[in-house]
Amino acid sequence: MKQPLSCLTIIAFAGPSASGKTELVEAIIRENSALTKKWRQITTRSRRDGEGETYVFVDPEEFESIASLLTCVTNFGGMHYGTIPEAQGSDDRIVLTIVDGVGMKSLLADVAAHNADPSSGKSEE
């Protein structure tokens with residue numbers, strides 16, 4: 001059963017680099033894992049030491065080939081970021097995502113487009 005993007009509860013965290021967004025989201029999930037989950041992001045940046053399953057790492061060509069499926073799309077430091085709502089699994093947990101201003105605009109535009117025409121919008125499986 002598909003869950004429309006507009007039926008999800010999404011909390012997006014935006015702020016400057018190194019402002020504590022990731023730590024805040026991780027703390028919320030640790031304390032409320034039955035209620036919350038983090039959207040995995042797709043990125044063209046390199047994996048950092050000790051980094052878990054937070055990201056899916058792809059090359060720029062692969063990122064471009066799936067760009068039409070992505071929301072929360074942004075470019076930071078020459079690296080591309082985005083997420084595919086359909087790839088996040090289906091449950092009723094609140095979705096937490098970390099974005100910058102451009103990613104927030106992308107998310108809001110995708111939700112608005114879906115709300116205007118739910119049959120053509122992105123959906124969550």
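Cys-72 is buried, with a relative accessible area of 1%; buried means under 20% relative accessible area, exposed means over 50%, and partly exposed lies in between, using a 1.4 Å probe and protein chains only. Cys-72 belongs to strand 6. Its phi is near 55 degrees, a positive value in a residue other than glycine.

Welcome to a predicted model, in which local features need pLDDT of at least 70, side-chain atom pairs count only at pLDDT 80 or more, and totals for chains, interfaces and linings use all residues. Residues are numbered from 1 along each chain as its sequence is written, and side-chain values use heavy atoms, with hydrogens and water left out.

## The overall layout

The chain has three helices and nine strands. Helices (H or I, at least four residues) and strands (E, at least two) are DSSP runs, numbered from the N terminus. Read from the N terminus, the order is β-β-α-β-β-β-α-β-β-β-α-β.

Of the 125 residues in the chain, 33% count as buried. The chain exposes about 7200 Å², with 55% of it supplied by carbon and sulfur atoms; accessible areas come from the Shrake-Rupley method with a 1.4 Å probe, and for residues only the protein chains shown count as cover. Among contacts (heavy atoms within 4.5 Å) in the chain with a separation of 6 or more, 68% come from residues 24 or more positions apart.

## Two exposed loop residues

Let's visit Leu-35, in the loop between helix 1 (21-31) and strand 3 (36-38). Leu-35 is exposed, at 53% relative accessible area. Leaving aside residues up to four places away in sequence, Leu-35 touches Arg-93 and Ile-94. Leu-35 and Asp-91 are 56 residues apart in sequence, and 9.6 Å apart in space from C-alpha to C-alpha.

Gly-78 sits in the loop between strand 6 (71-76) and strand 7 (79-83). With 52% relative accessibility, Gly-78 counts as exposed. Gly-78 and Thr-44 are 34 residues apart in sequence and 8.9 Å apart in space, C-alpha to C-alpha.

## A negative patch

Asp-59, Glu-61, Glu-62 and Glu-64 form a negative surface patch. One of them, Glu-64, lies in helix 2 (residues 60-66).

Patches are made of residues with over 30% relative accessible area and no salt bridge, joining like charges within 9 Å and nonpolar side chains (Val, Leu, Ile, Met, Phe, Trp, Tyr) within 5 Å. A salt bridge is a side-chain nitrogen of Lys or Arg within 4 Å of a carboxyl oxygen of Asp or Glu. Asp and Glu count as negative and Lys and Arg as positive, while His and the chain ends are not counted. The place of a charge is NZ of Lys, CZ of Arg, CG of Asp or CD of Glu.
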